[in-house]
Amino acid sequence: MDVLAYLVATVVNVALVSFVVRRLLGVPVGWPRTIVLSLLIQAGSAGLLTWVGHTLGLDTSIDSPALGQTFAILALVVAWLIAVQVAILAILEVFVPTGTLPGPVSLVRSLPARRRRAARYTAIVRIAAQHGLGAYLRPTGPGTDQPASKVARSLRLALTEGGVTFVKLGQMLSARPDLLPEAYIAELSTLQDRVPPQRWADVERVLEQELGRPVAEVFSHVDQQPMAAASVGQVHRAVLRSGEEVVVKVQRVGARRQVTADLDIILRLGAWLQRTTGWGRRLGTRPLAQGFATSLDEELDYRVELTNMRSVAAGLAATDRSRLRVPRAHEQWCTRRVLVMDCMPGRPVGEAGAVLAGFAPDERRAMAEDLLGAVLHQIVVTGVFHADLHPGNIFVADDGTLGLLDFGAVGRLDQGARTSIGLLLAAVDRQDAIAAADALLDLLDRTGRIDDRGLERDLGQLMLRHTAGPGPVGSAAMFVELFRLVLRHGLTVPPQVAGAFRALGALEGSLRVISPDLDVVSAAREHGRGLVTASLTPTEVRSSLESQLATVLPMLQRLPRRFSKISEDLEAGRFTLGVRAFGDPGDRAFLTGIVHQLVMTALAAAATLGGVILIAADGGPMMTGQVRLYAFLGFTMVFFGFILASRVLALVFHQHRETARDG
């Protein structure tokens, strides 16, 4: 019974002390560390109190005349034990913040995953070290300057060895000339994710799981040898029971599991690199990794690709370009891991040299211009565009029609971005550097002060190099140079806008195969001029004005009444103007927090200084035979100063972490 009572008293005491300590510290502190420290304090408190009483000669008997003073001194000792616990927790929050380490239960549950992740981390670091990239994982960065071409080649080889997810990461980076130098873009653009095909038994099992029935009930025939095999999925020819020829895209077994595991590592690695390395902060590796993870997660869900196909097909239908086609999906058989669509006639542009040779140069130029015009219409008008039209994703048929495939990479632009890109194309067509600079400033994000005149001059030089003079002088390299230019002037390219320019860059290779003598920039200027002109027709202008008028009409209806009230107040001398310097709640909270910290710091300093003076004083009445009243009061004041200082320290580092996390 005594043991049970002792355990109950211990639990109550530990819980009470833990609650008090957390309240005193003022920041969210983990319960496990608080309880462990409270248990340690509880275990040592009895012996410490006995030693203090013996050393100071305190009489703890119930009939002692100095019982009140003895109780006050022992209470002060207990308070200092709590202060020590508060200080230890504050120091732990500085160096090992709550949440950095997992809780006991989650630690046990996550041990298998942590073991797998640790093995994968080790493999990644080993691959990086083997290819000479280990120095770039250090906070100080590489100690020696290596040629960019050599580092880029090592990066490509390391990503290839890293597997599917890292290959796709490299492919994504190859489309970001605003982030990486040209040598890296050239190397990463050669990355391929072709892998040996998966066994038909595995493919058949996925089909039956996703379709919910045997394969023979849906298809009369499926070619067991795939047309193409990539790291995420592979494509098979098939015939539906209705007799329609289709292609079936099937996700590989285990693809999502492997990609999910690697994405977890990439997200952690991106956050760590941004936190610890200078080049990681410059590139913004954490948001870059998050954007890549979102994109790849969508690619693993074929229902997203189905939606993309419908959106692009609707955009093409609006342009009335019969030469371009999007395969029709058989939606009743499309699932998260299976996509069934019509079989497109023809061959990929990269393998269709014999087919293209049968067309006259003017016909090939018309085919290329139709394709370019369709993509520009998607970017400037509809806002949904195919972002990866390389020669393997475009089929050319014997009759000259072009089929678009693989809608896993589709970009989207809002109305403001579409308008700015259209104005940029129109400004390039007129060689108007001022208008081009205005369009870019509306389109991109600023990171600091911008030299508008310098930007206009550099844009003018860029446009002259790529648009002036006779002959086909323009190419999509203009957009790559444009990326470099805006970065030099302190502008950043949003991922959606970078995707639009990536689409044009990838499209150029296909256009060159279809029509080698096509001037991409001139054709883009012509189509851009047509799109801008079409948006300025009386019908379009009227429609735009009507939609904007509908937006501002309620405000216009209230204006007369507001003007009347203002004029009446002016006439009667009642007009006042109120300005709130801290009207935003966030601003008020920030200022309040600063004031609180300053007040607590001042109180902590004053209490500590006053306590030290009292402790050092020789005079004053005695509480007990060996303890002076001034010393007791001094230690009490130092206790409060200690608590306040610990609270300020914990708050400062907690707010710093919150700011860093939000940033």
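I took helices to be DSSP runs of H or I with at least four residues and strands to be DSSP runs of E with at least two, numbered from the N terminus. I kept in mind that this is a predicted model, in which local features need pLDDT of at least 70 and side-chain atom pairs count only at pLDDT 80 or more, while totals for chains, interfaces and linings use all residues. I also noted that residues are numbered from 1 along each chain as its sequence is written, and that side-chain values use heavy atoms, with hydrogens and water left out.

**Overview.** I found 24 helices and 13 strands in the protein. I read that 42% of the 663 residues are buried, where buried means under 20% relative accessible area, exposed means over 50%, and partly exposed lies in between (1.4 Å probe, protein chains only).

**Surface patch.** I looked up a nonpolar patch of about 530 Å², made by Leu 16, Phe 19, Val 20, Trp 31, Ile 35 and Leu 39. For such patches, residues must have over 30% relative accessible area and no salt bridge; like charges are joined within 9 Å, and nonpolar side chains (Val, Leu, Ile, Met, Phe, Trp, Tyr) within 5 Å. The areas come from the Shrake-Rupley method with a 1.4 Å probe, and for residues only the protein chains shown count as cover. Helix 1 (2–25) and helix 2 (31–56) each give at least two residues to this patch. Leu 39 lies in helix 2 and counts as partly exposed because its relative accessibility is 42%.

**Salt bridges.** I counted a salt bridge where a side-chain nitrogen of Lys or Arg is within 4 Å of a carboxyl oxygen of Asp or Glu, and the structure holds 21 of them. One joins the side chains of Asp 262 and Arg 120 at 2.9 Å, N to O. Asp 262 sits in helix 10 (residues 255–276) and Arg 120 in helix 5 (residues 111–130), so I noted a link between distant parts of the chain, 142 residues apart. Asp 262 counts as buried because its relative accessibility is 1%.

I then turned to Glu 305 and Lys 249, whose closest N and O atoms are 3.0 Å apart in a salt bridge. Glu 305 lies in helix 13 (residues 302–319) and Lys 249 in strand 4 (residues 245–251), so this pair ties together parts 56 residues apart in sequence. Both Glu 305 and Lys 249 are buried.

Glu 351 is exposed, at a relative accessible area of 52%, whereas Arg 347 is partly exposed at 42%.
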